[in-house]
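Hi,

Here is the structure I said I would pass on.

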Amino acid sequence: MNKISEDKIKENWPNAVEGDLEHPELGFIHYWTGEQRGQIVVRFSYTNQEEGESKKMFFIDLSKEGWILRHIYF
């Protein structure tokens, strides 16, 4: 995972946590996730991931009307 992006997650989502989970086909997946002001951020990476894919950060905006999933490239 790109260190600059990890730092941005920590800066903007100070409660962010990271961890690893095992996927049956992809192996171990490293993830970061946090919530602040009604927005959840998620980023993940794994071995043999296509170049650029690990730079994606997914954002889920939370509201009483529902959740909106979007992503941006870093």
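Let me start with one of the strand pairings: strand 3 and strand 4 run antiparallel and are joined by four bridges. (Strands are DSSP runs of E with at least two residues, helices are runs of H or I with at least four residues, and both are numbered from the N terminus; two strands pair if DSSP finds at least two bridges between them.) Within this pairing, Ile40 sits opposite Ile60 in strand 4.

Numbering starts from 1 along each chain as its sequence is written, and side-chain values use heavy atoms, with hydrogens and water left out.

On confidence, pLDDT (the predictor's confidence in each residue, from 0 to 100) averages 83 over the protein, and 89% of the residues score at least 70. Strand 1 has the highest confidence, at 94, and helix 1 (residues 3–12) the lowest, at a mean of 70. Where pLDDT is low, the predicted coordinates should not be read in detail.

Overall, the protein has one helix and five strands, in the order α-β-β-β-β-β along the sequence. Of its 74 residues, 27% count as buried (buried is under 20% relative accessible area, exposed is over 50%, and partly exposed is in between, with a 1.4 Å probe and protein chains only).

The other pairing to look at is strand 2 (residues 27–36) with strand 3, antiparallel again and joined by eight bridges. These two strands form a hairpin with two residues between them, and Arg37 in the turn has a positive phi of about 50°. His30 has Ser45 in strand 3 as its bridge partner.

Leaving out residues up to four places away in sequence, Asp20 touches Ile29, His30 and Tyr31 (contact means heavy atoms within 4.5 Å). Asp20 still counts as exposed, because its relative accessibility is 53%.

Now for the inside. The largest nonpolar core has seven residues: Ile9, Trp13, Ala16, Trp32, Val41, Met57 and Phe59 (such a core is a set of buried Ala, Val, Leu, Ile, Met, Phe, Trp, Tyr and Cys residues joined through side-chain atoms within 4.5 Å). Beyond its neighbours within four places in sequence, Ile9 is in contact with Pro14, Ala16, Trp32, Arg43 and Met57.

What about Gln49, buried or exposed? Gln49 counts as buried, because its relative accessibility is 15%. This residue is in the loop between strand 3 (39–46) and strand 4, and a polar atom of its side chain lies 3.2 Å from the backbone nitrogen of Tyr46. Not counting residues up to four places away in sequence, Gln49 touches Phe44 and Ser54.

Last, Ser63 is in strand 4 (residues 56–63) and is partly exposed, at a relative accessible area of 39%. Ser63 and Gly38 are 25 residues apart in sequence, with 7.1 Å from C-alpha to C-alpha.

Cheers

Key. This is a predicted model: local features need pLDDT of at least 70, side-chain atom pairs count only at pLDDT 80 or more; totals for chains, interfaces and linings use all residues. A polar contact is a pair of N or O atoms within 3.5 Å; within protein, one must be able to donate a hydrogen and the other to accept it, and residues adjacent in sequence count only if both atoms are side-chain atoms.
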